[in-house]
Amino acid sequence: MKPPSDLGKDCARSWEVMPWALQNRVSPAEDEWLTSHLTQCESCRSEFEQQSRLRMALTLPPDIPLNPDAGLRRLLARIDAPDAQETSQRARATGWITRTLVAAVLVQALGIGVLGVKLWSQNAVPVYHTLSQANPAAPVGAIHVVPDESMRLSDWNSLLHTMHLQVVGGPNDVGAYTVVSVDTSLSPRDTLQKLRTTQGIRLAEPVAAAP
Amino acid sequence: MNDADIDSDATDRMLLQRMAVGDRTALAVLYRSYYGRLSRFLARLTRRSDVIEEVVNDCFWIAWQKAGSFHGDSRVSTWIIGIAYRCGLKALRQHGDEPVEDDVLVLDRFHAHDPDEDRELRDWLAKGLNRLTADQRLVIELVYGLGHTLDDVAIIMQCPVGTVKARLFHARVKLRNTLPALAGEPVRQKESMP
Ligand SMILES: [Zn+2]
């Protein structure tokens, strides 16, 4: 058998044509040329026989048991529920929305804090200020609360009543009220937790207490 | 490209356009139409059915995400098999050294239904392909199994046509040096020259 590097010009051409001739993808002229070369060249003839067998073996039906229906079901499930590792556009969009919401809440909270302090500075009448009394007027346990805009006044009043809350300030520019609990059995933290789990309350934050 | 190829490519393009706007039915049709081709291609990389399915699904996951960015520089089939090729190589790196005993048992049962002739031919092919590199096996499958042109294979493997020619040539030389000794029977006459 000739080493392929020693193939003659005709044999090299015949090698190149064989894969396509096997698939009937050469011109009739090329096919005729190959046929005549194969009748003269034993080496190429044996190569062509092997190529035919190779092609036949490669066109056998798949020999690994696979289930396209099950595969498709899993793919659709994956598309419906992209996990955290998937860097899909949908996941990125969700991340963007979350970050925007966090930023909005932060801005709102800052606004409430600043405006709340301002409000209290105007209404209350602290006589002596020291630098350490950054928020002199806020009563201990005061909470800033932002109800939903859709909340009716009657619901707001009944909420205040059942939770024993008294409005001591607000609403400010962002709709925040300052409330204090008049129920001495509840700690400010309990009141805060209760408010945060109450439907219709968008935000409940403690007012920074004076030291 | 013959008429049938042009028709099927037009269908594939239409399906991709529908996928780009979130049409799952189009995805299902394309998935079923490519499942056989992709799995036989990937079977040249791994014998594990779970890995093959994983790669097919990775490939279609990407196709689903990128359907809108397909601009038709190549045929859809070339584009999809190119994605499967890259996903397949990645999976090979991840799973290449995992045990496969379970699958061998499954395959033995599966092969029990093969006619002897086919089984012999499969064994002959497997022995030959075992001597080739992964890229050489894939070139053989792409050209003889799936019937892609050298230009298509170059797009799929993202390499120059010269590299594809070299891979095909070296694969054939290796097979030629390996297989005659393993050939148990003469080639059937119908496959010889007229
Ligand atoms: Zn010759």
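Analyst: A helix here is a DSSP run of H or I with at least four residues, and a strand is a run of E with at least two. In this predicted model, chain B has 9 helices and 0 strands by that criterion, and from the N terminus on its elements run α-α-α-α-α-α-α-α-α.

User: What makes the site of the zinc ion tetrahedral?

Analyst: Four donors count as tetrahedral if all angles lie between 85 and 135 degrees; the angles among the 4 donor atoms of the zinc ion are 100 to 117°, so the site meets that criterion. For comparison, the ideal angle for four tetrahedral donors is 109.5 degrees.

User: How do you know which residues coordinate the zinc ion?

Analyst: Donors are N, O and S atoms within 2.8 Å of the metal, and A:Cys11 (SG), A:His37 (NE2), A:Cys41 (SG) and A:Cys44 (SG) coordinate the zinc ion at 2.1 to 2.3 Å, with the sequence spacing C-x25-H-x3-C-x2-C. Because A:Cys11 lies in helix 1 (residues 9–22) of chain A and A:Cys44 in helix 3 (residues 42–58) of chain A, the pair ties together parts that are 33 residues apart in sequence.

User: Why are A:Cys11 and A:Cys44 called buried?

Analyst: Buried means under 20% relative accessible area; A:Cys11 has 7% relative accessibility and therefore counts as buried, and A:Cys44, at 0%, counts as buried too. By that criterion, 48% of the 194 residues of chain B count as buried.

How values were computed
Residues numbered from 1 in each chain as written. Chains lettered and ligands numbered in written order. Predicted model: local features only at pLDDT ≥ 70, side-chain atom pairs only at ≥ 80, totals over all residues. Heavy atoms only, no water. Donors = N, O, S within 2.8 Å, 3.2 Å for Na, K, Ca; no water. Tetrahedral: all angles 85-135°; square planar, octahedral: opposite > 155°, others 65-115°. Buried < 20%, exposed > 50% of the residue type's maximum accessible area, 1.4 Å probe, protein only.
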